[in-house]
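Here's a quick tour for anyone meeting this structure for the first time. Have a look at it, then read on.

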Amino acid sequence: SKPAAPVITPQMKIVLDYLKEYGEMHDEDLQELLHIKKTRAYLLTRQMSEEGLIEVVGRGAEKKYRLK
């Protein structure tokens with residue numbers, strides 16, 4: 001059986017729409033966009049990455065997110 005389609009939450013949708021428009025984003029952009037803290041941003045991006053929605057490029061301060 002094929003894996004279930006990812007559940008896109010409203011927050012994920014905002015991130016995906018942003019990435020469609022701008023191509024990439026950093027943690028600060030994400031936190032500002034969604035009005036969330038670092039921990040929540042980390043969990044959200046990790047989940048989105050595991051679902052194959054986005055890819056994480058780089059590490060630490062250089063880390064950014066792009067559409068998969």
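## Starting at Pro6

Leaving out residues up to four places away in sequence, Pro6 touches Glu51 and Leu53. Keep in mind that this is a predicted model. Pro6 sits in the segment before helix 1, and with a relative accessible area of 29% it is partly exposed. Pro6 and Met48 are 42 residues apart in sequence, yet their C-alpha atoms are 8.6 Å apart in space.

Met48 leads us to the inside. The largest nonpolar core has 14 residues, and the ones touching the most other members are Val15, Leu30, Leu44, Met48 and Ile54.

Helix 1 gives the most, with four residues.

Setting aside neighbours within four places in sequence, Ile54 is in contact with Leu16, Leu19, Thr45, Met48, Ser49, Tyr65, Arg66, Leu67 and Lys68.

Now for a pair of helices. How do helix 2 and helix 3 cross? Their axes come within 10 Å and cross at roughly 105 degrees. An angle of 65 to 115 degrees counts as roughly perpendicular, so that is how helix 2 and helix 3 lie to each other. On the helix 2 side, Leu30, Gln31 and Leu34 do the meeting, while helix 3 brings Lys38, Ala41, Leu44 and Thr45. Sorted by class, this contact has four nonpolar, two polar and one charged residues.

Note on methods: Residues are numbered from 1 along each chain as its sequence is written. This is a predicted model: local features need pLDDT of at least 70, side-chain atom pairs count only at pLDDT 80 or more; totals for chains, interfaces and linings use all residues. Side-chain values use heavy atoms; hydrogens and water are left out. A nonpolar core is a set of buried Ala, Val, Leu, Ile, Met, Phe, Trp, Tyr and Cys residues joined through side-chain atoms within 4.5 Å. Buried means under 20% relative accessible area, exposed over 50%, partly exposed in between (1.4 Å probe, protein chains only). Helices (H or I, at least four residues) and strands (E, at least two) are DSSP runs, numbered from the N terminus. Contact means heavy atoms within 4.5 Å. Axes are lines fitted to C-alpha atoms, for helices over the stretch in contact, and angles run from 0 to 180 degrees between N-to-C directions. Angles under 35 degrees count as roughly parallel, over 145 as roughly antiparallel, 65 to 115 as roughly perpendicular and the rest as oblique. Ala, Val, Leu, Ile, Met, Phe, Trp, Tyr, Cys and Pro count as nonpolar, Asp, Glu, Lys and Arg as charged, and the others, Gly among them, as polar.
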